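Please look over the chain shown below before reading the notes that follow.

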Amino acid sequence: IVMITGATGGIGSAIARQFAAEGAKLALHYHRNRAGALRLQRELAQTETFAVRADLTKESDTKKLFAQAVKRFGCVDTLVANAGAWESRDVPLHRLPLKQWRATFDGVLTSAFLCLREFFQLVAKQKRGNAVLIGSTAALFGEAGHADYAAAKYAMTFGLTRSMKNELARLAPHTRDYCGGRINCVCPGWTIGPSTASQLGNPKTIRKVEATMSLPKLARPDDIANAVVFFSSDTLAGHITGQTLVVAGGMEGRLLWQPGE
């Protein structure tokens, strides 16, 4: 039983498809895109799915989200905390409104906290469970014009992931038959999808981005989804926790390719 937040986005829907291919039952969270959630449900007819709306910045909505999932499926084995908006406009820090800063932190970090808190309460009862957080390469290299997003994702990728690995392992202890509760983070780089379409429609932007990557190509949502499914598997990743996996073609914070190469 897998809960995916932000399931209607490019990466979220790819994650849902990959889990469905593995036979998982899915709780598909959405906030505003009900039509997209229903389309995804129809597409994933081969498995049991449940679309549920929630504003994850609200405590009451997040509690209801998990309560509805448990009522439908009886438990939640894996939480994929994928929801989190990215402001496409560049806004330098000296012009960044406090309202945007707070909204970004709520949408990225507070939403992850609220979901993890509800999930951990379930894990304490189930004595089993793992979580995968979706970070960003902005957390590793920073991102000018998006300091709010980079800072929130950094807190999720490192502070939250590495702290929670120690708490989760106590809530769901290792036994002879169980690897123990685990939490890891996947950091996508530039990935083709609806949220990046406005930037990646410019060939100059694509060339600039790819020049920082050993593998000079943009990620597809399936590249991220494969890593998430791997981390969720107690068989494949049963001794991996508190780790951050960067799926960005060997990206560095510098130019690896010169113009014309």
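Predicted model: local features only at pLDDT ≥ 70, side-chain atom pairs only at ≥ 80, totals over all residues.

Helices (H or I, at least four residues) and strands (E, at least two) are DSSP runs numbered from the N terminus.

- Ile11, Gly12, Ser13, Ala14, Ile15, Ala16, Phe19 and Ala20 of H1 are buried, where buried means under 20% relative accessible area, exposed means over 50%, and partly exposed lies in between (1.4 Å probe, protein chains only).
- After H1 comes Gly23, which has a positive phi near 90 degrees.
- H1 and helix H9 (residues 221-232) have axes that come within 8 Å and cross at roughly 50 degrees; axes are lines fitted to C-alpha atoms, for helices over the stretch in contact, and angles run from 0 to 180 degrees between N-to-C directions.
- H1 and H9 are therefore oblique to each other, given that angles under 35 degrees count as roughly parallel, over 145 as roughly antiparallel, 65 to 115 as roughly perpendicular and the rest as oblique.
- The H1 and H9 crossing is right-handed, a term used if the near helix is turned clockwise from the far one by less than a right angle, with left-handed used if it is turned anticlockwise.
- On the H1 side the meeting residues are Gly10, Ile11, Ala14, Ile15, Gln18 and Phe19, and they meet residues of H9 including Ile224, Ala225, Val228 and Val229; contact means heavy atoms within 4.5 Å.

**Helices H3 and H4**

- The axes of H3 and H4 are 9 Å apart, and the two helices pack at an angle of about 40 degrees, so H3 and H4 are oblique to each other.
- H3 passes H4 in a right-handed crossing, and the residues that meet are Glu59, Thr62, Lys63, Phe66 and Val70 from H3 with Leu114, Cys115, Arg117, Glu118, Phe119 and Leu122 from H4.
- Thr62, in helix H3 (residues 59-73), is buried with a relative accessible area of 1%.
- Leaving out residues up to four places away in sequence, Thr62 touches Asp55, Leu56, Leu114, Cys115 and Glu118.
- Ser111, in helix H4, counts as buried at 4% relative accessibility, and its contacts beyond four places in sequence are with Leu56, Ala83 and Asp106.
- Lys127, in the loop between H4 and S5, is partly exposed with a relative accessible area of 45%, and has a positive phi near 65 degrees although it is a residue other than glycine.

**Helix H6**

- The 25 residues of helix H6 (residues 147-171) should span 36 Å at 1.5 Å a residue, and the end C-alpha atoms are 34 Å apart, which agrees.
- H6 bends by about 35 degrees at Leu160, the bend being the angle between axes fitted to the seven residues ending there and the seven starting there.
- Buried residues of H6 include Tyr149, Met156, Phe158, Leu160, Met164 and Leu168, and the buried residues of this helix pack against helix H4 (98-126), strand S5 (130-134), helix H5 (138-141), strand S6 (182-188) and strand S7 (244-247).

- Leu28, in strand S2 (residues 26-30), is buried with a relative accessible area of 1%.
- Not counting residues up to four places away in sequence, Leu28 touches residues that include Ile4, Ala7, Ala16, Leu40 and Ala51.
- Ala51, in strand S3 (residues 49-53), counts as partly exposed at 21% relative accessibility, and beyond four places in sequence Ala51 touches Leu28, Tyr30, Ala37 and Gln41.

Technical notes. Residues numbered from 1 in each chain as written. Heavy atoms only, no water. Expected span 1.5 Å × (residues − 1).
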